[in-house]
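Me: I am new to this structure and would like to know what stands behind the terms used for it. Please set each value against its definition.

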Amino acid sequence: MASRVDVTAGAADLLRRLTDRHGRLMFHQSGGCCDGSSPMCYLAGEFRTGTSDVLLAALRVGGVPDPVTFWMSAAQFERWRHTHLTVDVVPGRGSGFSLEAPEGVRFLIRSRLLTAEEDLVLNA
């Protein structure tokens with residue numbers, strides 16, 4: 001099944017820990033301002049989404065009871081619509097606004113172009 005967003009095992013482990021500590025989570029993909037292009041992790045609903053945002057995925061992560069939603073601005077999505085995103089985690093200081101910041105790690109996006117088959121399914 002084609003998807004726009006996946007998570008690595010390391011990101012899934014961190015999402016489990018953050019869920020245990022904080023509750024339901026969401027991502028909003030930064031547009032490149034203060035935190036470059038980092039995916040920002042918030043409590044679900046803490047970042048207000050609206051008609052200018054696109055829901056790319058409701059990620060099912062083992063051990064996390066509720067889907068972790070992944071949002072992006074519509075303008076950015078138009079530029080990235082042919083890209084598959086993988087949420088990963090690496091050592092380093094993330095944003096003070098993203099929930100992983102105190103953990104000494106940060107989420108980041110690894111990307112690749114969609115395959116022709118994925119593109120056909122997801123952009124039909």
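Me: What covers the buried residues of helix 1?
Reply: The cover includes strand 1 (5–7), strand 2, strand 3, strand 6 and strand 7. Helices (H or I, at least four residues) and strands (E, at least two) are DSSP runs, numbered from the N terminus. This is a predicted model, in which local features need pLDDT of at least 70, side-chain atom pairs count only at pLDDT 80 or more, and totals for chains, interfaces and linings use all residues. Residues are numbered from 1 along each chain as its sequence is written, and side-chain values use heavy atoms, with hydrogens and water left out.

Me: Which residues of helix 1 are called buried, and what makes them lie on the same side?
Reply: Buried means under 20% relative accessible area, exposed over 50%, and partly exposed in between, with a 1.4 Å probe and protein chains only. In helix 1 the buried residues are Ala 11, Ala 12, Leu 14, Leu 15, Leu 18 and Thr 19. They cover an arc of only 160° around the axis, so they fall on the same side of helix 1. The arc is that of the directions from the helix axis to the C-beta atoms. Ala 9 and Asp 20, on the other side of helix 1, are exposed.

Me: How do you know what span to expect for helix 1?
Reply: The expected span of a helix is 1.5 Å times one less than its number of residues. Helix 1 has 14 residues and reaches 20 Å from its first C-alpha to its last, close to the 20 Å expected. Just after helix 1 comes Gly 23, with a positive phi of about 105°.

Me: Why is His 84 called buried?
Reply: The relative accessible area of His 84 is 3%, so His 84 is buried by the cut-off of under 20%. His 84 belongs to strand 6. Contact means heavy atoms within 4.5 Å. Apart from neighbours within four places in sequence, the residues in contact with His 84 are Ser 3, Arg 4, Val 5, Asp 6, Arg 110, Ser 111, Arg 112 and Leu 114.

Me: What makes the pair of His 84 and Asp 6 a polar contact?
Reply: A polar contact is a pair of N or O atoms within 3.5 Å; within protein, one must be able to donate a hydrogen and the other to accept it, and residues adjacent in sequence count only if both atoms are side-chain atoms. The side chains of His 84 and Asp 6 make such a contact at 2.9 Å. Another polar contact, of 2.4 Å, joins the side chains of Ser 98 and Glu 100.

Me: Are Ser 98 and Ser 37 buried or partly exposed?
Reply: Ser 98 has a relative accessible area of 2% and is therefore buried. Ser 98 sits in the loop between strand 6 (83–91) and strand 7 (105–113). Ser 37 has a relative accessible area of 41%, so Ser 37 is partly exposed. Ser 37 lies in the loop between strand 2 and strand 3.

Me: How do you know which strands pair with strand 2?
Reply: Two strands pair if DSSP finds at least two bridges between them. Four bridges join strand 2 (residues 25–29) to strand 5 (residues 68–73), and these two run parallel. Strand 2 also pairs with strand 3, in the antiparallel sense, over five bridges. Met 26 faces Thr 69 in strand 5, and its bridge partner in strand 3 is Tyr 42.

Me: Why are strand 3 and strand 4 said to stand at the edges?
Reply: The open sheet has four strands in the order 3-2-5-4, with mixed pairing. Strand 3 (39–43) and strand 4 (53–59) each have a single partner strand, so one side of each is left without a neighbour in the sheet.

Me: What makes strand 2 mostly covered?
Reply: Five of its five residues are buried. Leu 25, Phe 27 and Gln 29 are buried on one side of strand 2, and Met 26 and His 28 on the other.
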